[in-house]
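Here is a walk through one protein model, strand by strand. Keep the structure open as you read.

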Amino acid sequence: MLESILKQVQDGSMSIEDALKQMAPFENLGFAKVDHHRKKRQGFPEIIYGENKSVDHIIGIAQSLQEQNNEVLVTRITEEKADAIRSIRPDFIYDGTSRLLYWKRDEPLRIERQGYIAVIAAGTSDISVAEEAAVTAEVLGSKVHRIYDVGVAGIHRLLHHAEEIQQATVSVVVAGMEGALASVVGGLVSHPVIAVPTSVGYGASFNGLSALLTMLNSCASGISVVNIDNGFGGGYNAALIHQLIHKGER
(Lines give C-alpha, C1' and ligand atoms only; values in the text may rest on other atoms or scores of the structure.)
Protein backbone atom coordinates (compact mmCIF):
# COMPACT_ATOMS: atom_id res chain seq x y z
CA MET A 1 0.00 0.00 0.00
CA LEU A 2 2.75 2.47 0.99
CA GLU A 3 4.74 1.75 -2.18
CA SER A 4 1.67 2.34 -4.33
CA ILE A 5 0.96 5.69 -2.64
CA LEU A 6 4.57 6.85 -3.05
CA LYS A 7 4.51 5.94 -6.76
CA GLN A 8 1.32 7.95 -7.25
CA VAL A 9 2.88 10.97 -5.53
CA GLN A 10 5.99 10.58 -7.68
CA ASP A 11 4.07 10.43 -10.96
CA GLY A 12 1.81 13.31 -9.90
CA SER A 13 -1.46 11.37 -9.82
CA MET A 14 -1.81 11.98 -6.06
CA SER A 15 -1.13 15.11 -4.03
CA ILE A 16 1.03 15.04 -0.90
CA GLU A 17 -2.04 16.07 1.12
CA ASP A 18 -4.06 13.12 -0.20
CA ALA A 19 -1.11 10.79 0.38
CA LEU A 20 -0.85 11.86 4.03
CA LYS A 21 -4.58 11.26 4.44
CA GLN A 22 -4.23 7.77 2.91
CA MET A 23 -1.36 6.87 5.25
CA ALA A 24 -2.92 8.26 8.43
CA PRO A 25 -3.73 5.53 10.97
CA PHE A 26 -7.11 7.13 11.68
CA GLU A 27 -9.19 10.11 10.68
CA ASN A 28 -10.46 12.38 13.45
CA LEU A 29 -13.98 13.53 12.61
CA GLY A 30 -14.46 15.14 16.01
CA PHE A 31 -17.33 12.83 16.99
CA ALA A 32 -15.46 9.70 15.84
CA LYS A 33 -11.95 8.51 15.04
CA VAL A 34 -12.26 6.27 11.99
CA ASP A 35 -9.71 3.44 12.02
CA HIS A 36 -8.32 3.32 8.49
CA HIS A 37 -5.65 0.74 9.31
CA ARG A 38 -8.09 -1.86 10.57
CA LYS A 39 -8.34 -3.61 7.20
CA LYS A 40 -4.55 -3.89 7.05
CA ARG A 41 -4.38 -5.27 10.62
CA GLN A 42 -7.45 -7.47 10.67
CA GLY A 43 -8.43 -8.13 7.07
CA PHE A 44 -11.68 -6.15 7.08
CA PRO A 45 -12.46 -2.43 7.46
CA GLU A 46 -14.09 -0.89 10.50
CA ILE A 47 -17.79 -1.78 10.89
CA ILE A 48 -20.27 0.88 11.98
CA TYR A 49 -22.54 -0.05 14.89
CA GLY A 50 -25.67 1.88 13.93
CA GLU A 51 -27.71 1.74 17.12
CA ASN A 52 -27.83 5.10 18.97
CA LYS A 53 -25.82 6.87 16.25
CA SER A 54 -27.37 9.81 14.43
CA VAL A 55 -27.91 9.85 10.67
CA ASP A 56 -25.27 12.57 10.26
CA HIS A 57 -22.71 10.62 12.25
CA ILE A 58 -23.28 7.44 10.27
CA ILE A 59 -22.99 9.31 6.97
CA GLY A 60 -19.79 11.01 8.13
CA ILE A 61 -18.13 7.74 9.17
CA ALA A 62 -19.34 5.94 6.04
CA GLN A 63 -17.99 8.66 3.77
CA SER A 64 -14.61 8.49 5.51
CA LEU A 65 -14.48 4.72 4.90
CA GLN A 66 -15.55 5.09 1.27
CA GLU A 67 -12.81 7.63 0.60
CA GLN A 68 -10.33 4.90 1.55
CA ASN A 69 -12.05 2.54 -0.93
CA ASN A 70 -13.42 0.36 1.86
CA GLU A 71 -16.73 -1.48 1.90
CA VAL A 72 -19.20 0.02 4.37
CA LEU A 73 -21.36 -2.04 6.70
CA VAL A 74 -23.73 -0.51 9.27
CA THR A 75 -25.30 -2.90 11.79
CA ARG A 76 -28.44 -2.69 13.95
CA ILE A 77 -30.07 0.14 12.08
CA THR A 78 -33.81 0.87 11.89
CA GLU A 79 -35.66 1.17 8.61
CA GLU A 80 -36.54 4.78 9.41
CA LYS A 81 -32.91 5.72 9.94
CA ALA A 82 -31.81 3.75 6.89
CA ASP A 83 -34.40 5.54 4.73
CA ALA A 84 -33.10 8.89 5.93
CA ILE A 85 -29.54 7.91 5.00
CA ARG A 86 -30.58 6.47 1.63
CA SER A 87 -32.44 9.69 0.78
CA ILE A 88 -29.01 11.33 0.86
CA ARG A 89 -26.95 8.32 -0.26
CA PRO A 90 -29.11 6.23 -2.62
CA ASP A 91 -26.11 4.02 -3.48
CA PHE A 92 -26.48 2.33 -0.07
CA ILE A 93 -28.50 -0.89 0.23
CA TYR A 94 -30.72 -1.67 3.21
CA ASP A 95 -31.77 -5.17 4.23
CA GLY A 96 -34.73 -4.94 6.59
CA THR A 97 -34.59 -8.54 7.78
CA SER A 98 -31.01 -8.30 9.05
CA ARG A 99 -31.21 -4.57 9.84
CA LEU A 100 -28.00 -4.03 7.89
CA LEU A 101 -27.13 -1.07 5.67
CA TYR A 102 -24.18 -1.49 3.34
CA TRP A 103 -22.22 -0.25 0.36
CA LYS A 104 -19.88 -2.37 -1.74
CA ARG A 105 -17.26 -1.35 -4.27
CA ASP A 106 -18.15 -1.86 -7.92
CA GLU A 107 -14.98 -3.75 -8.80
CA PRO A 108 -14.99 -7.46 -7.99
CA LEU A 109 -12.55 -9.09 -5.58
CA ARG A 110 -9.27 -9.83 -7.31
CA ILE A 111 -9.30 -13.36 -5.92
CA GLU A 112 -12.48 -15.41 -6.21
CA ARG A 113 -12.63 -17.14 -2.85
CA GLN A 114 -13.32 -20.82 -3.16
CA GLY A 115 -15.82 -22.57 -0.91
CA TYR A 116 -18.69 -21.15 1.10
CA ILE A 117 -20.01 -20.49 4.56
CA ALA A 118 -23.11 -22.41 5.65
CA VAL A 119 -25.52 -20.29 7.69
CA ILE A 120 -27.94 -22.67 9.38
CA ALA A 121 -31.05 -21.52 11.24
CA ALA A 122 -33.13 -23.74 13.50
CA GLY A 123 -36.46 -22.04 12.85
CA THR A 124 -38.10 -19.28 10.85
CA SER A 125 -38.12 -17.13 14.00
CA ASP A 126 -34.32 -17.19 13.96
CA ILE A 127 -33.99 -15.88 10.40
CA SER A 128 -33.41 -12.21 11.31
CA VAL A 129 -30.29 -13.15 13.28
CA ALA A 130 -29.25 -15.68 10.63
CA GLU A 131 -29.56 -13.03 7.93
CA GLU A 132 -27.43 -10.66 9.96
CA ALA A 133 -24.72 -13.34 9.87
CA ALA A 134 -25.25 -14.19 6.20
CA VAL A 135 -25.32 -10.63 4.84
CA THR A 136 -22.32 -9.67 6.99
CA ALA A 137 -20.28 -12.53 5.53
CA GLU A 138 -21.38 -11.65 1.99
CA VAL A 139 -20.49 -7.97 2.33
CA LEU A 140 -17.07 -9.07 3.61
CA GLY A 141 -16.51 -11.10 0.46
CA SER A 142 -17.60 -14.66 1.26
CA LYS A 143 -20.11 -16.87 -0.52
CA VAL A 144 -22.96 -18.04 1.72
CA HIS A 145 -25.33 -21.00 1.54
CA ARG A 146 -28.48 -20.45 3.60
CA ILE A 147 -30.04 -23.53 5.21
CA TYR A 148 -33.09 -22.48 7.19
CA ASP A 149 -35.80 -24.14 9.31
CA VAL A 150 -33.83 -27.31 10.05
CA GLY A 151 -34.17 -27.46 13.83
CA VAL A 152 -33.86 -30.60 15.93
CA ALA A 153 -37.64 -31.02 16.27
CA GLY A 154 -37.52 -32.44 12.74
CA ILE A 155 -33.97 -33.73 12.46
CA HIS A 156 -34.61 -35.26 9.01
CA ARG A 157 -34.75 -31.73 7.60
CA LEU A 158 -31.18 -31.10 8.74
CA LEU A 159 -29.91 -34.49 7.56
CA HIS A 160 -31.34 -33.74 4.10
CA HIS A 161 -28.68 -30.98 3.87
CA ALA A 162 -25.88 -32.94 5.58
CA GLU A 163 -23.59 -33.15 2.55
CA GLU A 164 -24.01 -29.46 1.71
CA ILE A 165 -23.17 -28.52 5.30
CA GLN A 166 -20.18 -30.86 5.44
CA GLN A 167 -18.70 -29.29 2.30
CA ALA A 168 -18.69 -25.79 3.84
CA THR A 169 -15.52 -24.09 5.05
CA VAL A 170 -17.23 -23.00 8.27
CA SER A 171 -20.80 -23.13 9.59
CA VAL A 172 -22.74 -20.52 11.53
CA VAL A 173 -25.53 -22.19 13.50
CA VAL A 174 -28.32 -19.95 14.74
CA ALA A 175 -30.82 -21.33 17.24
CA GLY A 176 -33.03 -20.30 20.13
CA MET A 177 -35.16 -22.38 22.50
CA GLU A 178 -32.70 -24.93 23.98
CA GLY A 179 -30.03 -24.29 21.31
CA ALA A 180 -29.31 -27.96 20.62
CA LEU A 181 -28.80 -27.53 16.87
CA ALA A 182 -25.20 -26.37 17.26
CA SER A 183 -24.22 -29.61 19.01
CA VAL A 184 -25.87 -31.70 16.31
CA VAL A 185 -24.11 -29.84 13.50
CA GLY A 186 -20.83 -29.95 15.44
CA GLY A 187 -21.05 -33.74 15.49
CA LEU A 188 -21.49 -33.93 11.71
CA VAL A 189 -18.71 -31.74 10.34
CA SER A 190 -14.91 -31.46 10.28
CA HIS A 191 -14.79 -27.66 10.10
CA PRO A 192 -15.28 -24.88 12.69
CA VAL A 193 -18.81 -24.19 13.91
CA ILE A 194 -19.81 -20.78 15.24
CA ALA A 195 -22.90 -21.02 17.42
CA VAL A 196 -25.23 -18.02 17.70
CA PRO A 197 -27.89 -18.28 20.43
CA THR A 198 -31.05 -16.27 19.86
CA SER A 199 -33.58 -14.83 22.27
CA VAL A 200 -36.35 -16.90 20.65
CA GLY A 201 -38.24 -19.07 23.16
CA TYR A 202 -40.71 -19.20 26.01
CA GLY A 203 -40.20 -17.85 29.54
CA ALA A 204 -37.75 -20.45 30.84
CA SER A 205 -35.44 -19.77 27.90
CA PHE A 206 -34.62 -16.46 29.67
CA ASN A 207 -34.35 -14.48 26.43
CA GLY A 208 -31.67 -16.71 24.97
CA LEU A 209 -29.73 -17.57 28.11
CA SER A 210 -30.74 -21.24 27.96
CA ALA A 211 -29.54 -21.52 24.33
CA LEU A 212 -26.30 -19.73 25.23
CA LEU A 213 -25.58 -22.11 28.12
CA THR A 214 -26.40 -25.18 26.01
CA MET A 215 -24.02 -24.03 23.30
CA LEU A 216 -21.27 -23.21 25.80
CA ASN A 217 -21.69 -26.65 27.36
CA SER A 218 -21.76 -28.55 24.07
CA CYS A 219 -19.94 -31.89 24.07
CA ALA A 220 -19.24 -31.55 20.33
CA SER A 221 -15.71 -30.35 19.57
CA GLY A 222 -14.95 -27.38 17.36
CA ILE A 223 -17.79 -25.12 18.50
CA SER A 224 -17.25 -21.47 19.38
CA VAL A 225 -20.07 -19.34 20.77
CA VAL A 226 -20.88 -15.65 20.32
CA ASN A 227 -23.31 -13.55 22.32
CA ILE A 228 -27.10 -13.77 22.23
CA ASP A 229 -28.59 -12.49 18.94
CA ASN A 230 -25.09 -11.56 17.71
CA GLY A 231 -25.52 -12.58 14.09
CA PHE A 232 -22.95 -9.99 13.08
CA GLY A 233 -20.32 -11.58 15.31
CA GLY A 234 -21.06 -15.01 13.89
CA GLY A 235 -20.87 -13.81 10.29
CA TYR A 236 -17.73 -11.76 10.87
CA ASN A 237 -15.85 -14.60 12.55
CA ALA A 238 -16.93 -17.01 9.83
CA ALA A 239 -15.65 -14.62 7.16
CA LEU A 240 -12.31 -14.36 8.98
CA ILE A 241 -11.97 -18.14 9.02
CA HIS A 242 -13.08 -18.42 5.40
CA GLN A 243 -10.53 -15.90 4.15
CA LEU A 244 -7.67 -17.74 5.84
CA ILE A 245 -7.69 -20.32 3.06
CA HIS A 246 -6.69 -17.49 0.70
CA LYS A 247 -4.24 -15.71 2.99
CA GLY A 248 -1.33 -14.33 0.98
CA GLU A 249 -3.16 -14.48 -2.35
CA ARG A 250 -4.22 -10.83 -2.36
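**Strands, crossovers and helices**

In E6, Trp103 is the bridge partner of Val72. The model is predicted, so some ground rules apply: local features need pLDDT of at least 70, side-chain atom pairs count only at pLDDT 80 or more, and totals for chains, interfaces and linings use all residues. Residues are numbered from 1 along each chain as its sequence is written, and side-chain values use heavy atoms, with hydrogens and water left out. Helices (H or I, at least four residues) and strands (E, at least two) are DSSP runs, numbered from the N terminus.

Start with the antiparallel part. Strands of a sheet pair through backbone hydrogen bonds, either parallel or antiparallel. Here, two strands count as paired if DSSP finds at least two bridges between them. Strand E4 (residues 72-75) pairs with E6 in the antiparallel sense, over three bridges. Strand E5 (residues 93-95) also runs antiparallel to E6, joined by three bridges. Ile93 stands opposite Tyr102 in E6. E5 and E6 form a hairpin with four residues between them. In that turn, Arg99 has a positive phi of about 60°.

Now look at the side chains of E6 (residues 100-103). Leu100 and Tyr102 point one way, Leu101 and Trp103 the other. All are buried, meaning under 20% relative accessible area with a 1.4 Å probe, protein chains only.

Move on to the open sheet. Its five strands have the order E8-E7-E9-E10-E11, with parallel pairing. The edge strands are E8 (144-148) and E11, and each pairs on one side only. Neighbouring strands are turned by 20° against each other on average, direction ignored. Such angles run from 0 to 180 degrees between N-to-C directions, and axes are lines fitted to C-alpha atoms, for helices over the stretch in contact (heavy atoms within 4.5 Å).

How is strand E10 (residues 193-197) placed? Five of its five residues are buried, so E10 is largely enclosed by the rest of the structure. Val193, Ala195 and Pro197 point one way, Ile194 and Val196 the other.

E10 pairs in parallel with strand E9 (residues 170-175) over five bridges. Val196 is the bridge partner of Val174. From E9 the chain crosses through helix H9 (residues 181-186) to E10, a right-handed β-α-β crossover. Right-handed means that, with the strands pointing away from the viewer, the path from the first strand over the helix to the second runs clockwise.

E10 also pairs in parallel with strand E11 (residues 223-225), over three bridges. Ser224 is the bridge partner of Ile194. Helix H10 (residues 209-216) carries the chain from E10 to E11, and this β-α-β crossover is right-handed. H10 lies across E9, E10 and E11, at about 160° to E10.

Conventions. Buried < 20%, exposed > 50% of the residue type's maximum accessible area, 1.4 Å probe, protein only.
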